[in-house]
Amino acid sequence: MAHIKKDDINREDWMSCLPEKLWDVPLTHLSIPGSHDAMSYCLDITSPLLRSESDTFRLLDGVFCCFTRPAIRRWATTQVQNIVEQLTAGIRYFDLRIAHKQYDSSNELYFTHVIYTHAMVVETLQTVASWLESHPKEIIILACRHFEGLNYKMHEEFIYSLKKIFSSKLCPRDEALLTLRSLWTSGYQVVLSYDDQSASRHKELWPAIPYLWANKPNAEELIYYLECQKRLGRPEGFFVAGLNLTTDRCFIASHPRVSLRTLTMENWNHVKKWLGDQKPGAEPTCLNIIAGDFIGPVPFCSLVIALNKKLL
């Protein structure tokens, strides 16, 4: 029999392709690939800065946009594949930062990372719902957060849209048994985490999912942080270990030839080695959702999915 390489996994339908023994393992104990800042592949370089950016940076951007804008593109872009390509690659957790543009008279919402994206939220999520229709056994976790510039009315309208888009696919937060088999039986495909207090009134919305963010610029410090977190024990439900690197503005200004992508690639082999040693499961040091940057250029999804074999 030919040797199966890691990348021969059918990543488009990897959940339904898991061995039957894993269909009854809680989703919180499986290894699930995630996309950090999932929508940053389509940043609109001409859009305004988010209102949460500092006044100093706003001033700088106003005067020296020919320097700041290329830097924003280099450092705020964390993905190069679009949402459907990410789904097809095996991503099942999406970090979605949502905002309403200041002075925009419409109620249109956009994704964000420092600036706004070209992609609009409702339209994008309709595309995701269509993808799920043709992949009825794949379960996704959508983490909607940040919500800059949304008032009470906008939240309610957006939640109404979410319910309309995903309808009976939305898994209610009081669902006792969260395994592949139970979700398939109920027809649920979406766990929707909504990081705002307005979610509490809606049983279809889950609370915020903890995200372990190292805020470090290299693999050594990132791994040290995650190992310290593991020693503290895992949270009860879903949680995310972020494999994303972060630098400060001094580093960005003094390294004009470096980008988040080159930094990610330089550190990848070190991160990859550590990732291969991790395991999913119920023990305190086990991981659940693992989110990364540039999930296409590196074999990230295959590695994360393959960790589930350790549960057999």
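The legends below describe close-up views of a predicted model.

In this predicted model, local features need pLDDT of at least 70 and side-chain atom pairs count only at pLDDT 80 or more, whereas totals for chains, interfaces and linings use all residues. Residues are numbered from 1 along each chain as its sequence is written, and side-chain values use heavy atoms, with hydrogens and water left out.

View 1. Asp37 belongs to the loop between strand E1 (32-35) and helix H1 (55-63); helices (H or I, at least four residues) and strands (E, at least two) are DSSP runs, numbered from the N terminus. The relative accessible area of Asp37 is 2%, so this residue is buried (buried means under 20% relative accessible area, exposed over 50%, and partly exposed in between, with a 1.4 Å probe and protein chains only). The Asp37 side chain forms a polar contact with the side chain of Arg97 (3.1 Å) and another polar contact with the side chain of His113 (3.1 Å). A polar contact is a pair of N or O atoms within 3.5 Å; within protein, one must be able to donate a hydrogen and the other to accept it, and residues adjacent in sequence count only if both atoms are side-chain atoms. Leaving aside residues up to four places away in sequence, Asp37 touches Thr78, Gln79, Asp95, Arg97, Thr112 and His113, where contact means heavy atoms within 4.5 Å.

View 2. Leu59, Leu60, Val63, Phe64 and Phe67 make a nonpolar surface patch of about 540 Å². Patch members have over 30% relative accessible area and no salt bridge; like charges are joined within 9 Å, and nonpolar side chains (Val, Leu, Ile, Met, Phe, Trp, Tyr) within 5 Å. A salt bridge is a side-chain nitrogen of Lys or Arg within 4 Å of a carboxyl oxygen of Asp or Glu. Helix H1 gives the most to this patch, with three residues. Leu60 lies in helix H1 and is partly exposed, because its relative accessibility is 40%.

View 3. In helix H2 (residues 65-76), the buried residues are Thr68, Arg69, Ala71, Ile72, Trp75 and Ala76. These buried residues fall within an arc of 165° when seen down the axis of H2, so they line one face of the helix; the arc is that of the directions from the helix axis to the C-beta atoms. The exposed residues Cys66 and Phe67 are carried on the face of H2 turned away from its buried side. Packing partners of the buried H2 residues are H1, strand E3 (109-113), strand E4 (115-120), helix H8 (249-254) and helix H9 (260-276).

**View 4. Thr117 in strand E4.** Thr117 is part of strand E4 and is buried, its relative accessible area being 1%. A polar atom of the Thr117 side chain lies 2.8 Å from the backbone oxygen of Ala119. Not counting residues up to four places away in sequence, Thr117 touches Met39, Cys42, Leu43, Asp44, Tyr110, Phe111 and Thr112.

View 5. Most residues other than glycine have a negative phi. Ser167 has a positive phi, near 45°, and sits in the loop between helix H5 (152-166) and helix H6 (180-186). With a relative accessible area of 47%, Ser167 is partly exposed. Phe294 also has a positive phi, near 50°, and is placed in the loop between strand E10 (289-292) and helix H10 (300-306). Phe294 counts as buried, at 2% relative accessibility.

Notes. Accessible areas come from the Shrake-Rupley method with a 1.4 Å probe; for residues, only the protein chains shown count as cover.
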